[in-house]
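Student: I have a structure open and would like to go through it with you. Could we begin with the side chains and then turn to a helix?

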Amino acid sequence: MMKETVKKALEHYFSYREFRPGQREIIEYALRGESVLGILATGGGKSLCYQLPALLFPYMTVVVSPLISLMADQVRQLRSKGIGGIEYINSALAPEEYKWKMKKLRDRKIKILYVSPEKLQQDSFMQQLAGIPVSLFVVDEAHCISQWGHDFRTDYQRLKDCIHRLGDPPVMALTATATSDVQKDICLQLGVPAAHTVKHSLNRSNICYDVQFVGDKKEKDEVLLYKLGSLQGPGLVYFRSRNGAERACALAEQAGISCAYYHGGMPASDRLLVQQQFLNGEITLVFATNAFGMGIDKSDIRFVIHYHLPTDMESYLQEVGRVGRDGAPGYTCLLYMPEDMALPRQLIAEEYPDITQTRDFVHYIAGHQGNISTVQSIAALEEWGLNELHLGILLYHMEKGGWIRSLERTKDGWTFGVADRISGNYQNLFDIMMKRRELRYGRLKEMERWIESRTCRRRQIGDYFSQSHSGSLASCCDRCGIDYSLYEVQPASAIPHTDQAVWDWERELDRLLPL
DNA sequence: CGGGGTAGCTATACAGCTACCCCGGTGCCGTATT
């Protein structure tokens, strides 16, 4: 009977007749009122997993989403299907809009509510939300809990209390990538039994993994330009610096290629424009930092090139995973020289405060025992040289250690209560952060090992996810051999490469001297 | 950490050297009276 209803809803709301692999299983957990962790490859229809049960449940479904733009997209998509009662609440709302939506919330007229993890840490908001019955608590892009929660956006590690305040509704965590460590972290943080995990093979058999070793920056630029000229688009080139993305974009423009760049330092309107143009096919090439990613729902990306290294394999796999979602062959290439390790290493190093900063800040806090205290971000920068991120990390660990409580963000800083008796042992606090940093260096090292390994790259990725990945549809990787003609604009046989033969000499040789 | 840019040096001026400094990612977050 239940099955009948679900099928009907699937057809009625989403116009699908059948579920895609994994969807039914995940939905069934939710309908039974049980928590679940769902791991579905990108483009596998993750949102449907919570949207469908949400429409069948009597009460509201709360969806935690990492990006404001992502919330807006989802709301728009559902509304376009004629589904009502879908709203998001975040800092992007105008005051009147906010008031109006809060009223709608109180009147229990919201069926699916999208919020940021930060919003859930706001006590005034939580008080209102806690008065509304909730049928399901969803964490979309749940790998953020592990990837961002420990340092970049610590509110991702604070969701458990929110769930409890909402009356412990069943939880649904969804993501496209998760190693066993990340799965453990997610389950622990959200109280999902580890056995309630629905996971499908993450092997992307249509992706080719190439790594090209270069001697210096000049050669890297040359290889990049050659690839941009020969590869079939649309394509994406990833950088770890905003400058790098802009520079390469200018270089490509000089070479007569139509393209754009994208990074977090641009005005939102420009970012949206580039994203839209790329989606519409008006631009077929984007030079981007890791800001470009989540919410880019383009299925026909044909190549992803990495000019710089990410800080770990998971980020790398997420980024290359954007290629070929339509199932057609996709080419990925990492351009690498050993010096490239310096940049991600430094990015990791910069993410944590140093020992002096930690000591001074702890001393300050220790001087306010038993009081309500506030710290302004600007003051923290002037006083202790702590940027917004460092301050957030320190407060997060102090909260965890029980030194402070009722931590809340204010307009331009933080407010919190300091415990009566705290040890003030900053060394301990510092060690915890350094342990985390070492862990991140270790993950960068894994990336280095993958690059330098002589064996099949796909197989190693499988090992990384504790799965066995072997089959590939087209070319597998540079260690197994690549048929470049699959990815180039014209088949190599039609137009022999002449002046670019430098990059292709091995293949050229093979062609001239069979066997 | 280490590459890239540049100021400063030399002292016919030039071009070329050195020493030094700079740079390096991801996103939320204000409101309020039912």
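**Charges, rings and a helix**

Tutor: Lys-101 lies over the face of Tyr-88, 4.3 Å from the ring centre. Please bear in mind that this is a predicted model.

Student: And which residue lies over the face of Tyr-29?

Tutor: Arg-32 does, at 4.9 Å from the ring centre.

Student: How many aromatic pairs are there in the whole structure?

Tutor: A search of the whole structure gives 15 aromatic pairs. One of them joins Tyr-13 and Phe-14 in an edge-to-face arrangement, with 6.5 Å from centre to centre and 65° between the planes.

Student: Is Phe-14 buried or exposed?

Tutor: Phe-14 counts as buried because its relative accessibility is 5%, under the 20% cut-off. Tyr-13 is partly exposed, at a relative accessible area of 26%.

Student: Which residues do ring pairs link into a cluster?

Tutor: Phe-239, Phe-287 and Tyr-307 are linked in that way.

Student: Now helix 12. Which of its residues are buried?

Tutor: Helix 12 covers residues 268-280, and its buried residues are Val-274, Gln-275 and Phe-278. These lie on the same side of helix 12, because they cover an arc of only 95° around the axis.

Student: What covers them?

Tutor: The cover includes strand 9 (235-238), strand 10 (260-262) and strand 11 (285-288).

Student: Which exposed residues are on the face turned away from the buried side?

Tutor: That face of helix 12 carries Ser-269 and Asn-280.

Student: What comes just after helix 12?

Tutor: Gly-281 follows, with a positive phi of about 85°.

Technical notes
Residues are numbered from 1 along each chain as its sequence is written. Chains are lettered from A and ligands numbered from 1 in the order in which they are written. This is a predicted model: local features need pLDDT of at least 70, side-chain atom pairs count only at pLDDT 80 or more; totals for chains, interfaces and linings use all residues. Side-chain values use heavy atoms; hydrogens and water are left out. Rings of Phe, Tyr and Trp (its six-membered ring) pair if their centres lie within 6.5 Å; planes under 30 degrees apart count as stacked, over 60 as edge-to-face and the rest as tilted. Buried means under 20% relative accessible area, exposed over 50%, partly exposed in between (1.4 Å probe, protein chains only). A charge sits over a ring if NZ of Lys or CZ of Arg is within 6 Å of the ring centre and within 35 degrees of the ring normal. Helices (H or I, at least four residues) and strands (E, at least two) are DSSP runs, numbered from the N terminus. The expected span of a helix is 1.5 Å times one less than its number of residues. The arc is that of the directions from the helix axis to the C-beta atoms. Contact means heavy atoms within 4.5 Å.
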